[in-house]
Amino acid sequence: MQLKPLSRLLGPKPHIADSPYLSLVPKTGSPGMSAKIDLSTTSYYVVASVEMGNTTTKCILTATNLETGKTYLLNKTVKMSRDVRPPKEGEKVFGKTLDGKKLTRESVGELVRQTLEEAHKAAGLTISQDLNFVVRSTGVVAGFDKPEDVGSFILALADGCITAGVPPKNMTPAMNKDNLNPPRLRKFSQLDKVYFDGAVASVLPPMGSSGVEIVANEMEGELATAGIKEAAKWAGVDFRNPVCSIDFGTTLKGRMTNDLAPYSRTIGNFCGLAGAVPDAIVRGSGLVDSEFGNVLDITTKERPGLLAEIMNSKGIEEHAKWAHEMVQIDVVPDERRWWGSVPVNPKAARNNGVTLIGCEVGENGKDLPKLNEVGASLIKKYNVNTMLATLDLVSAMIAERLLKKALENNLISSKTTIGITGRAGITGDKPALILQKVTEMGIFDSPNDHLVFCDDGLARGAAVMARCMNSYGTPKNPLGGLRGGKCILGARMKLQNKDKKTEA
């Protein structure tokens, strides 16, 4: 059995952090009745993550207990980005999704407003009274000419938030503790001791830059890294610096950090294609739309099966290797302006001490349609379960190749903890396969203690960023600092006081 499914079944189980749900409108003793919790008596900090990606547009509401630092899901509202309305006459198209859907500031704003309003209605909350902060991000970068163009998309997301009723002050950090709202949460803030200096969960962006000059979806990588740090608390894994985060959305993002203290530096970024690879395979199967279909259209009804792996292990491996003949994973060359549809600036990366590692299919994703043949062959010879099992192996092999390239370039070591999020990295049997690949690499004595998987890394990261911006830290249960180390609040205070004296 070439895929060793039985050995994985009997071996160590991957650490997977699931977001527990919390209802702020619980049922009462009376049948069919519910009563909203009086938030003014709680320590919950409610944050909305608003994100438009190439495949999905989401509003994920979270509530963080500021006493414990634990984050809970309130609601997850997901729409397909392909359903964004077409541009109207007179509207300026500023970008497009990876599949070619044209976007305007107005159309994006409308979709975001609808998604935000639906999420709050489903959770029984109001935007004006119950929402404390909003963090916006996007993975739609295919239609941009340069990394900085992502700024216009963030403005479109802001339009949608404002028209939904979000006050602008709920999208920017407070200047001091007295400006924090609601007042009931001020006692949990450390803003009188430390200010927000750009570090999110004790990781600074690339030296001398905000990061977007280097790769267009750097903010998503930043959020995913922070979100995995929070999620790891639920899984019992110490995911503190140095870390390597990989977000397998439609496009690839993530970070590698070093082990400096109190803040680590971003020394590597992932970019290019991720879920777009299995999506391209599926589009050749005839089971989804050949232009806009994706794996999510199938996995709502089907799952890879252990029997399919055992019976068709040879065919699964052959087709996965065939797909990988078309996948390039390498350090992004200096002359490239895009890598897998993502705008990049490798020279700026190098000048800022960052190594860009990308996943590509052809030049700028142009050979993605060639992967259709793999899906067509799988359906012709086998069945949908075998195809999904193959997609799991394809993703695991991408993860393995990314990690090997990072290891070759001294971006990860035996001290590093690896965190993975995103649909093309955590669904199906991918966690077990990736754990198997990491174990075979021989980097760690206890590989399972250095690997964690989580859903909604980006949304969790939004909650963490909102807390960092307003210094809502939890010294007894820190997210920042080094693996196995203590809270860095004292070290931050010392560093910031030193900076103030230097400025004076």
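Guide: Asp-238 and Arg-240 form a salt bridge in this predicted model, with 2.9 Å between the closest N and O atoms. Asp-238 has a relative accessible area of 25%, so it counts as partly exposed, the buried class being under 20%. Arg-240, at 8%, is therefore buried.

A second salt bridge joins Arg-336 to Glu-360, and here the closest N and O atoms are 2.7 Å apart. This pair links distant parts of the chain, its members being 24 residues apart. Arg-336 lies in the loop between strand E12 (328-331) and strand E13 (338-339), while Glu-360 belongs to strand E15 (residues 355-360). Arg-336 and Glu-360 are both buried.

Arg-85 and Glu-91 make another salt bridge, with a closest N to O distance of 2.8 Å. Both Arg-85 and Glu-91 are buried. Through shared partners, salt bridges join Arg-85, Glu-91 and Glu-110 into one network. The count of salt bridges in the model comes to 27.

Glu-218 is another charged residue to look at. It is found in helix H5, which covers residues 218-235. With a relative accessible area of 2%, Glu-218 falls under the 20% limit and is therefore buried. Its side chain has a polar contact of 2.5 Å with the side chain of Arg-255. The side chain of Glu-218 also makes a polar contact with that of Asn-269, at 2.8 Å.

Last, a pair of strands. Strand E5 (residues 93-96) pairs with strand E6 (residues 102-104) in the antiparallel sense, over three bridges. Within this pairing, Gly-95 stands opposite Leu-103 in E6. E5 and E6 form a hairpin, and five residues lie between them.

Notes: Residues are numbered from 1 along each chain as its sequence is written. This is a predicted model: local features need pLDDT of at least 70, side-chain atom pairs count only at pLDDT 80 or more; totals for chains, interfaces and linings use all residues. Side-chain values use heavy atoms; hydrogens and water are left out. Helices (H or I, at least four residues) and strands (E, at least two) are DSSP runs, numbered from the N terminus. Buried means under 20% relative accessible area, exposed over 50%, partly exposed in between (1.4 Å probe, protein chains only). A polar contact is a pair of N or O atoms within 3.5 Å; within protein, one must be able to donate a hydrogen and the other to accept it, and residues adjacent in sequence count only if both atoms are side-chain atoms. A salt bridge is a side-chain nitrogen of Lys or Arg within 4 Å of a carboxyl oxygen of Asp or Glu. Two strands pair if DSSP finds at least two bridges between them.
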